[in-house]
Amino acid sequence: MANLSQLVQDERTARMALSMIVEPDDAVTGRLLGEVGAVEVLQLAERDDDAPGLGTVDARVWRAQFERSDAQTHSQRIVEAQRMGIGVLIPGDQDWPSALDDLGDRRPYVLWTRGATSFLARPLSEFVTITGARAATSYGEHVAGELASDLTNAERVVVAGGAYGIEGAAHRAVLASGGDTIAVMANGVDRPYPMGHRELLERVADLGLMVSEVPPGSVPTRHRFLARARLMAALSAATVVVEAGVRSGSMKVVREAQQIGRAVGAVPGPVTSATSMGPHQLLRDNMAAIVVNVGDIGDALRRSRQATSAAIQHGAFRENSAHLGRSL
């Protein structure tokens with residue numbers, strides 16, 4: 001039986017195959033992809049010699065992911081995805097969102113898509129992620145809908161995860177306003193999740209865009225939900241948390257956004273509500289800007305850019321000072 005590297009001869013299909021074998025957010029695979037490309041990564045996986053930057057034990061652990069993969073099955077899945085009309089984006093494509101490159105070795109291997117990919121090429125400043133509690137209050141859903149509708153009127157793209165509660169309210173408001181929205185999935189784009197939002201997500205795929213880094217047929221898992229958070233954060237210039245508990249998955253999106261220097265906003269809520277605890281903690285710790293309207297999101301973006309500029313200038317000052325010190 002032929003090896004996968006023998007059946008896959010180009011970068012695109014090699015990345016598609018990798019997404020079927022390796023779980024997302026694997027920094028080792030991401031680093032190897034950046035160094036040698038996807039075709040060579042598949043070849044490395046099938047060999048027993050050293051892998052770049054990996055010791056013998058680490059290389060063995062990394063290769064273990066490929067041991068149960070069936071080349072013919074993956075090849076058939078690729079053909080089936082193409083037959084279904086599911087799109088594929090890889091780094092270098094015209095519509096590939098360059099904002100994801102900020103993730104470095106954690107950049108997705110590929111994006112599987114349903115819908116209009118063209119607006120992914122728009123400037124990062126035009127994207128805002130709205131996230132929050134699944135068990136949202138009526139107050140939270142109302143605020144999320146108002147923010148999403150106003151962002152649409154401001155010609156922004158709203159990114160969310162298609163979940164119950166805050167994210168579903170954001171998607172619905174954008175669609176009702178005739179705007180652009182992206183649903184980032186932790187499962188295959190051919191099987192919308194949660195099932196209760198199937199009709200909503202099908203409308204997003206028809207009128208906006210549904211994306212996932214896991215292949216068609218994949219089911220959501222805890223790891224995939226956690227990995228998805230970095231995509232939701234990286235795709236947008238700002239992330240706004242409307243309602244969330246302190247241990248909510250939405251707070252993971254915030255941490256990912258902060259890690260790559262994106263702006264973060266939080267909506268205040270009733271002090272008696274458990275779903276206000278996450279946003280209030282962010283505001284108390286000066287980790288987010290207060291957001292009550294779209295104008296506040298713009299202010300948060302401006303402050304974020306100013307802080308980034310100041311950090312860059314400070315870094316340059318320190319570097320020049322160190323160089324001057326060496327010269328003296």
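## The cavity

The structure, a predicted model, holds one cavity of 30 Å³ or more. A cavity here is a set of points, on a 1 Å grid over the protein atoms alone, where a 1.4 Å probe fits but cannot get out. The volume of the largest cavity is about 30 Å³, a volume being the space filled by probe spheres set on the points.

Its lining residues (those with an atom within 4 Å of a point) are Ala238, Thr239, Val240, Ala263, Val264, Gly265, Val291, Ile297 and Ala300. Seven of the lining residues are nonpolar, two are polar and none is charged; Gly counts as polar. At least two lining residues each come from β7 (238–241), β8 (263–266) and α13 (294–327). Helices (H or I, at least four residues) and strands (E, at least two) are DSSP runs, numbered from the N terminus.

## The nonpolar cores

A nonpolar core is a set of buried Ala, Val, Leu, Ile, Met, Phe, Trp, Tyr and Cys residues joined through side-chain atoms within 4.5 Å; buried means under 20% relative accessible area (1.4 Å probe, protein chains only). The largest core has 30 residues, of which Leu100, Ile182, Val184 and Leu282 touch the most other members. Two or more residues come from each of β4 (157–160), β5 (180–185), β6 (209–212), α10 (222–234), α11 (249–259) and β8. The largest share, five residues, is from α10.

A second, separate core of 24 residues includes Val143, Ala170, Val267 and Val291. Val291 also lines the largest cavity.

## Basis of the values

Residues are numbered from 1 along each chain as its sequence is written. Local features need pLDDT of at least 70, side-chain atom pairs count only at pLDDT 80 or more, and totals for chains, interfaces and linings use all residues, while side-chain values use heavy atoms, with hydrogens and water left out.

Definitions and conventions: On a 1 Å grid over the protein atoms alone, a cavity is a set of points where a 1.4 Å probe fits but cannot get out, and a pocket is an open set with protein on both sides within 12 Å along at least five of seven lines; lining residues have an atom within 4 Å of a point. Buried means under 20% relative accessible area, exposed over 50%, partly exposed in between (1.4 Å probe, protein chains only).
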